[in-house]
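Here is a short briefing on a predicted model. Look at the structure first, then work through the points below.

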Amino acid sequence: MKILLAEDEVQLARVLKMAMATSGYEVDTVDNGKKVVDLASQNAYDVMILDIMMPVKSGLEALKELRAHGDQTYVIMLTAMAEEDDKVNGLDAGADDYLTKPFSLKELLARLRSLERRTKDYQKDEMDFNDLHLNSGEQVLESHNSISLSREETQMLQYLILNAGKELSADDLRQHVWGDGDEADNGDVWINICYLRHKLESIQSQTHIDGEKGGPYTLAG
Amino acid sequence: MSIYGPYEDTLNAILIDVKQRIEELNNRQVVANQPKLYEHLIGRVKTPTSMVEKCHRKNYPVTTEAALRQCRDAIGLRIVCNFVSDISRCLKLVRQADWCTVVKEKDYITNAKPNGYRSYHLILDVVEPYQDVDGHLPGHFFVEIQLRTIAMDSWASLEHEIKYKHHVKDPERISKELKRCADQLASCDVQMQTIRQLVQEGESE
């Protein structure tokens, strides 16, 4: 993972950088919010760790500016213990997590590892269920045969596999595949269930999706 | 004389006859207010040159006997359908037809070839009023029928075109892309089938 650390206390910045580098991360350090915005526009980062109180431009201002430009990088804010408002403002401005100073190095590293698991292991490109092999990156479904899937079919099947055996409502599936604000309705859920059923059949899979029009739907092996 | 010996004209006559019989199957569907069976129907007698080449490739003797008995695709027809379900309708009617016996079926649609090829192959044994290579009259002749959708047919054309190019740059990448394309076309075939079925269910409600 590539990390951008913004911390104006020289000593603390040095210690943090060294600890993270030792854990195998690539770290760039800056000492004010303006440099955060500048570097973020040039380099791709997986995580940014921003102190709030910094000269020239605060971490909070930098964060707001990044988010306004559409930067979705995972951001951890470093806040002072007493300042509850810092945490609330930081999270509301688009931060993903925060650490209150003074914090232990151990905790910071554990949070980074946790994040890494979430992004790498939990969103696997490839999944197996029963006689199925789903490659989400390529949007291909394989059993005795293979067939392409649309984005919607891929995400729906992924969610069905993760929750195999459970009854999932049409609303639940719609939320996960299309999210809020999309114009998709439960008719879209139904037609994609139909597509998936015919595709399962065409690749000779024994896996099936149970449920009538309107849901709930259950993936079964 | 070609590898087909005295049978070359016979093969052409049988091709025309079998083609007419399949057209008849389709006409009967249309008359009964059913959708047409297929989009188009083509046929050919394998050229003597290709047949000789095939016998060499398969290590068969280059004889009329091998061309008409060991090889069973001297006469070939291809039925190209709009939808996957039309292939099933064709299969059902051909299996029921009294003018032929299905001697072999190969389902490369449910079991696509590793390169992505999809098609349904049939070998028919037809009895025709001509003497065959074993001296029987009426005689027995083999006819190969390939059934596929328009999408499968386009893919096969592309694959065929590439197969006979001598210098393909980066053949692994091309093969991988062809396979991906086959999976996408299969996806479209299934999607069209599903939409068609949903509309039909809606009508009958």
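Start with B:Ile145. Leaving aside neighbours within four places in sequence, B:Ile145 is in contact with B:Leu77, B:Ile79, B:Val94, B:Leu122 and B:Leu124.

**Nonpolar cores**
- The largest nonpolar core has 31 residues.
- B:Ile79, B:Cys81, B:Cys90, B:Val143, B:Ile145 and B:Leu147 touch the most other members of this core.
- At least two residues of this core come from each of α1 (8–31), α3 (64–70), β2 (75–81), α4 (84–96), β4 (120–128) and β5 (139–149) of chain B.
- β5(B) gives the most, with five residues.
- A second, separate core has 29 residues, including A:Leu141, A:Leu157, B:Leu185 and B:Val190.
- In soluble globular proteins, nonpolar side chains tend to be buried together.

**Where chain A meets chain B**
- The contact takes 14 residues from chain A and twelve residues from chain B.
- On the chain A side, β9 (146–148) and α8 (186–202) each supply at least two residues.
- α8(A) has the largest share of that side, six residues.
- By class, the chain A side has six nonpolar, seven polar and one charged residues.

**A helix pair in chain A**
- The axes of α2 (residues 33–42) and α3 (residues 59–68) of chain A come within 8 Å and cross at roughly 25°.
- α2(A) and α3(A) are therefore roughly parallel to each other.
- The crossing of α2(A) past α3(A) is right-handed.
- From α2(A), A:Gly33, A:Val36, A:Val37 and A:Ala40 meet A:Gly59, A:Glu61, A:Ala62, A:Glu65 and A:Leu66 in α3(A).
- The residues of this contact divide into five nonpolar, two polar and two charged.

Methods:
Residues are numbered from 1 along each chain as its sequence is written. Chains are lettered from A and ligands numbered from 1 in the order in which they are written. This is a predicted model: local features need pLDDT of at least 70, side-chain atom pairs count only at pLDDT 80 or more; totals for chains, interfaces and linings use all residues. Axes are lines fitted to C-alpha atoms, for helices over the stretch in contact, and angles run from 0 to 180 degrees between N-to-C directions. Helices (H or I, at least four residues) and strands (E, at least two) are DSSP runs, numbered from the N terminus. Angles under 35 degrees count as roughly parallel, over 145 as roughly antiparallel, 65 to 115 as roughly perpendicular and the rest as oblique. A crossing is left-handed if the near helix is turned anticlockwise from the far one by less than a right angle, and right-handed if clockwise. Two residues are in contact if their C-beta atoms, placed from the backbone, lie within 7 Å. Ala, Val, Leu, Ile, Met, Phe, Trp, Tyr, Cys and Pro count as nonpolar, Asp, Glu, Lys and Arg as charged, and the others, Gly among them, as polar. A nonpolar core is a set of buried Ala, Val, Leu, Ile, Met, Phe, Trp, Tyr and Cys residues joined through C-beta atoms within 7 Å. A residue is buried if 20 or more other C-beta atoms lie within 10 Å of its own, exposed if 12 or fewer, and partly exposed in between; C-beta atoms are placed from the backbone.
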